Amino acid sequence: MEAHKTLKNTRPDFFYKVDIVVIGAGQAGLSAAYYLKKAGIEPGKGFVVLDDEFAASGAWQHRWDSLTLDNVNGINDLPGMGFSDAVDTMDTTLQANTAIPKYYELYEKKFELPIIRPIRVSEVTARNGRFMIHTNGIQFSARGLINATGTWKTPNCPKYPGWEKFKGRQLHTGEYINADEFIGKHVIVVGGGISAIQLLGEISQVTQTTWVTRKPVDFRKDEFTPDVGREAVALVEKRVREGLPPNSVVSVTGLPLTPAIEKMLRDGVLDRKPMFKEITETGVRWEDGTTLDAAVIFWNTGFKHSLDHLAPLGLINDKGGIELSGRLATQVTKDPRIHLTGYGPSASTIGANRAGGAAARELIAYLKL
C-alpha cells in the first residue's frame, strides 16, 4: 500500500498525522476499519490500523492445535465477507489457528485495509487536542482513537502463596499447544470456563488430572437462545455504563451442558475440587491440610483487557473500571474521542462486529469528519 511505503521512510521522531488510529487488527479492529473505509475515511491518510502481530488474525493464530471448526466456540463472519468465502467450513477438522488466519488475511486484502504490522504501541498520550501514539516504529498523531487490543496478550494468572516454590511446570491457556506434552504427568487444571473444561477433557485422555475451581460451575441444561444471550450482554453493558469492571458473558449465562460435557461428567473427569490454599514444592495444599502432588499446574483463569498503553490518559476510575457510553457502550464517557471495542459487552465475537460499526460511526460524527 502506498501509505505503508511512505511511512517506512519517515524519521522515528516524526509523528505521522491521521484522523483516527485503530489499535489492534483482530475481529473488533477489522470491523472498525471496514466501517471507517465504508464511511469514506481515506485509508492511510484518514485512518490506519496498528497491529503487533506478524500475520493476520489477531489471537486466533496462537490457539491450540486441537481447536478445530468442530469444537471452536463460535466464528462469526466479518462485515462484508463470509468465513465460508475463504475456507471450506464443511471441513470441521480444519484447525482454527490456520483457517481463521487465512480468512483474515484474505479479508484485509479484499478491502485493502491500511494495516501496519508488526508494530507495538507502548503508550498513548494527549497533547494539544490530539493523541500521540508512541510505538516501537513509526509514531502517530490522531484526533480519535479506537482501541481493539483484546485480551490475549495479558493472561490473568493469580499467584497463590508458594507460587515461586513449585518445582514443576506452570503454564497458562495461551501457552498450551497439545495434550501430548503432559503424558505421564499429573496435571492440576485450574478454571471453570469453556476453555478449561475443553482442555481438561483433552488432557484427561492421556494422563491423570485434577480439576480445581474457585466456585462451582453453573452448567445449564436450558437451551442457549438469542434472548438469553441478549440478556447476558445487557447485564455486562449495564456494568460498564456504570463505570464498573466488566464481567464475562459466560459468568452470567453459565456453561451449556453439551453432550461432550455430559460424557465428562459420567466419566468422572469433572470431579471438581475447591480452590487450594497454597502451592508447595511438589503440588498444592488445601485449607483442611490435604495435599496433592502434581507435575503441572495449568491455569485456565482467563485474560485481562490489554489497556496498559492507555494508562497515561487516566481512563480507569476509582471503581477499577472505565465508564462507557454510546449506542453499544464503546465510547469512553471521560473522553468521547476514544472508543473501546472488544471490551465489556463487545467482547463476544458477535458483539465485536456490531461494536466496530457503532464506534466508527459515532467517532466520525463526534470528530465531524
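Author: The answers below set each value against its definition.

Reader: What kind of model is this, and how are its residues numbered?

Author: This is a predicted model, in which local features need pLDDT of at least 70 and side-chain atom pairs count only at pLDDT 80 or more, while totals for chains, interfaces and linings use all residues. Residues are numbered from 1 along each chain as its sequence is written, and side-chain values use heavy atoms, with hydrogens and water left out.

Reader: How many helices and strands are there in the chain, and what counts as one?

Author: The chain has eight helices and 19 strands. Both are DSSP runs, numbered from the N terminus: a helix (H or I) has at least four residues and a strand (E) at least two.

Reader: What makes the chain as compact as a globular protein of that length?

Author: The radius of gyration of the chain is 22 Å, close to the 21 Å that the globule rule gives for 369 residues, so the chain is as compact as a globular protein of that length. The radius is taken over C-alpha atoms, and the rule is 2.2 Å times the number of residues to the power 0.38. Along its principal axes, the C-alpha trace spans about 60 × 45 × 40 Å.

Reader: What share of the contacts in the chain with a separation of 6 or more comes from residues 24 or more positions apart?

Author: Such residues account for 70% of those contacts, where a contact means heavy atoms within 4.5 Å.

Reader: What makes proline 114 a buried residue, and where is it placed?

Author: The relative accessible area of proline 114 is 4%, so this residue is buried. Its place is in the loop between α3 (96-110) and β3. Another proline, proline 118, lies in the loop between β3 (115-116) and β4 (121-127). The peptide bond from arginine 117 to proline 118 is cis, with omega near -10°.

Reader: How do you know that strand β1 and β6 pair?

Author: Two strands pair if DSSP finds at least two bridges between them. Strand β1 (residues 15-23) and β6 have eight bridges, in the parallel sense, and isoleucine 20 has glycine 144 in β6 as its bridge partner. Strand β19 (residues 338-340) also pairs with β6 in the parallel sense, over three bridges. Strand β5 (residues 130-135) and β6 pair in the antiparallel sense over three bridges, and the two form a hairpin with three residues between them.

Reader: Why is strand β6 described as mostly covered?

Author: Strand β6 (residues 139-147) has nine residues, and eight of them are buried.

Reader: What makes β13 and β15 edge strands?

Author: The open sheet has three strands in the order β13-β14-β15, with antiparallel pairing. Each of β13 (278-279) and β15 (291-293) pairs on one side only, and these are the edge strands. Strand β14 (residues 283-285) pairs with β15 over three bridges, with glycine 283 opposite aspartate 293 in β15.

Reader: Which residues of strand β16 point one way and which the other way?

Author: In a regular strand the side chains alternate between the two faces of the sheet. In strand β16 (residues 296-299), Val296 and Phe298 point one way, Ile297 and Trp299 point the other way, and all are buried. Strand β7 (residues 169-172) runs parallel to β16, joined by four bridges. Strand β8 (residues 187-190) likewise pairs with β16 in the parallel sense over four bridges, and tryptophan 299 is the bridge partner of valine 190.

Definitions and conventions:
Buried means under 20% relative accessible area, exposed over 50%, partly exposed in between (1.4 Å probe, protein chains only).
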